[in-house]
Amino acid sequence: MAIDVRRDARDPESCYRAVLARDRRFDGIFWTGVRTTGIYCRPSCPARTPAYANVTFHPSAAAAQGAGFRACKRCLPDATPGSPEWDVAATVAGRAMRLIADGVVDREGVDGLARRVGYTPRHLSRILLAELGAGPLALARARRAQTARVLIETTGLSFTDVAFAAGFSSVRQFNDTVREVYGASPTQLRGGRADGRMDARSVVGSEAGVLRLRLAVRTPFAGRALLDFLAHHLVPGVEVAGDGWYARTLDLPHGPGTVRLDLADELEGARTAFVPATFTLHDLRDTTAAVERVRRLLDADCDPLAVAEHLGADALLGALVRRWPGLRVPGQVDGDETALRTVVGQQVSVAGARTVTGRLVAAHGRPVVTHVPGLTHLFPRPAALAGADPATLPMPRARGRALVGLASALAAGKVPLDRRADRAEVRRRLLELPGVGPWTADYVAMRALGDPDIFLPTDVGVRRALTTLSPGAPVPDPAAVADRWRPWRSYALLHLWSTLIPPVPDEPDATGPPVARRTDPLDHLLEA
């Protein structure tokens, strides 16, 4: 029977049934506080199930911490992926949580967070308390504590570096928070590993600023399909990919960085899978922002079981859902970059868009020195393109004007793409810009804003995929068939596109230059 996770997570009896079943679909949706032990757990915790009379349920880890519970050391409840509802409903609370996870409270305070989402600090605090059981400071504190624990247990950073990388303002604040949340000092957490010593694969690199982390995602996870999509659209200088891996540059609040991801399929089994990620950061204070932005790229908070339950029963998509279990919608590390790349790619082939965008990067991007061959530039910031002469851009004059107009709007803050604003309002503002049509606005909403219910009925690739899936029969009308795929139309769209994207060819040397891409069999990113 279908489960309405959002509804059931607000009903204590439904929550307890999920705990009895150790239902991992609820991990990250609510947390269980156990009065007799003083700890809080994820619903799927393998420990002995407490009696109903001894538990309380909390909508966030911060709420459980505020109620006086410590994190369970067995199921690590603070390490669960974020709630899928943050993107499905995209309420004010969900949008605020995306910004908190990006470190906005650490950098700009509660006033800065409230200003970004368009509310007063007091009203925003009321909303977050009602939705998540904790205010912005407590939610940010819980995020800092979780980041600190990961860095303590998986890297060789000094505790001072861990404190500032996690976003704490002082070492004393770091020590006090870790003790309160985990019931152990940082030294005890680091010394509590099973073998009592550092895993050589997790130790921070020999050079400053290198972090090797594991990013939690719900299973199943179609890592290879995600890699194929990213490699198919990579921009020279900014991104490179090879067999089983993808890397790119990052433009972060305190300086540049890079990330290298090892992407493989993870089938259903464990509660969560982990994507190995190697970050090289100019400033460790950007750790939180870098991790959150890469998690967005991975669509790490998706609930693949809910998507499969709905789309897998469809006569047209069922076989594709079984072929690619856990397919993700590729997100972004920078919403402005996604929008600018989308305009460049209007009405040209994917290969052509990569070539043109690479030229823009070479001319207007900022050069950076990296340890990954092929990563040479940061993607141009909107301000760098806003002042460009459209006649000098390597594209038709009309598209050049559209690109400059969009860059100007982004630079002025008129079109916020950091997930702070209401999606409908962002779409309206995009459509007001010359040269930006519905296909572009919706594609940006899907990838930059994380909207899980976007469909592009005029897309040439969609029509070609539907033709392939309907041999000997009339091609179904895209808009008509997509209506039954709500609220997961973005995932349906990716399933259709995945039938057209060539896989990344094998490459023995994962440290070599960018992979030479095959000729595209279908140039599907076209705006009709």
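Good morning. I begin with helix H17, residues 350–364, which has 15 residues and reaches 21 Å from its first C-alpha to its last, close to the 21 Å expected at 1.5 Å a residue. Please bear in mind throughout that this is a predicted model.

Which residues of H17 are buried? They are Val 350, Ala 353, Arg 354, Val 356, Thr 357, Gly 358, Leu 360 and Val 361. An α-helix has 3.6 residues a turn, so residues three or four places apart point the same way. The cover over the buried residues of H17 includes helix H12 (223–232), helix H16 (335–344), strand S11 (377–378), helix H18 (382–386) and helix H19 (397–411).

Let me place that helix in the whole chain. The chain has 24 helices and 11 strands. Of its 528 residues, 58% count as buried. If we take the contacts between residues at least 6 apart in sequence, 69% of them join residues at least 24 apart.

I turn next to a pair of helices. Two packed helices are described by the angle between their axes and the distance between the axes. For helix H5, residues 92–101, and helix H7, residues 121–132, the axes come within 9 Å and cross at roughly 100 degrees. That angle falls in the range of 65 to 115 degrees, and H5 and H7 are therefore roughly perpendicular to each other. On the H5 side, the contact is made by Val 92, Ala 93, Ala 96, Met 97 and Ile 100. H7 contributes Leu 124, Ile 127, Leu 128, Glu 131 and Leu 132.

Now to the aromatic residues. How many aromatic pairs are there? The count comes to 10 aromatic pairs. I shall describe two of them.

Tyr 16 is buried, at a relative accessible area of 14%, whereas Tyr 52 is partly exposed, at 39%.

The other pair is formed by Phe 30 and Phe 57, with ring centres 5.6 Å apart and planes at 85 degrees, so this pair is edge-to-face. Phe 30 lies in the loop between H2 and strand S1 (31–34) and Phe 57 in strand S3, so the pair ties together parts that are 27 residues apart in sequence. Phe 30 is buried, and its relative accessible area is 1%.

Elsewhere, ring pairs link Phe 229, Trp 439, Tyr 443 and Trp 497 into a cluster. There are also charges over rings. The charged end of Arg 144 sits over the ring of Phe 168, 5.5 Å from the ring centre. Arg 214 places its charged end over the ring of Phe 274, at 4.2 Å from the centre.

Another cis peptide bond joins Arg 486 and Pro 487, where omega is about 0 degrees. Pro 487 is found in the loop between helix H23 (478–482) and helix H24 (489–498).

Which phi values deserve a mention here? Arg 22, a residue other than glycine, has a positive phi near 50 degrees. Arg 22 sits in the loop between H2 and S1, and is partly exposed, with a relative accessible area of 34%.

Leu 76 likewise has a positive phi, near 45 degrees, in a residue other than glycine. Where is Leu 76 placed? Leu 76 is in the loop between strand S4 (70–71) and helix H4 (85–88). At 28% relative accessibility, Leu 76 counts as partly exposed. Leaving aside residues up to four places away in sequence, Leu 76 touches Arg 42 and Arg 149. Thank you.

Note on methods:
Residues numbered from 1 in each chain as written. Predicted model: local features only at pLDDT ≥ 70, side-chain atom pairs only at ≥ 80, totals over all residues. Heavy atoms only, no water. Helix = DSSP H or I, 4+ residues; strand = E, 2+ residues; numbered from the N terminus. Expected span 1.5 Å × (residues − 1). Buried < 20%, exposed > 50% of the residue type's maximum accessible area, 1.4 Å probe, protein only. Contact = heavy atoms within 4.5 Å. Phe/Tyr/Trp six-rings, centres within 6.5 Å; stacked < 30°, edge-to-face > 60°. Lys NZ or Arg CZ within 6 Å of the ring centre and 35° of its normal. Axes fitted to C-alpha atoms, helices over the stretch in contact; angles between N-to-C directions. Parallel < 35°, antiparallel > 145°, perpendicular 65-115°, else oblique.
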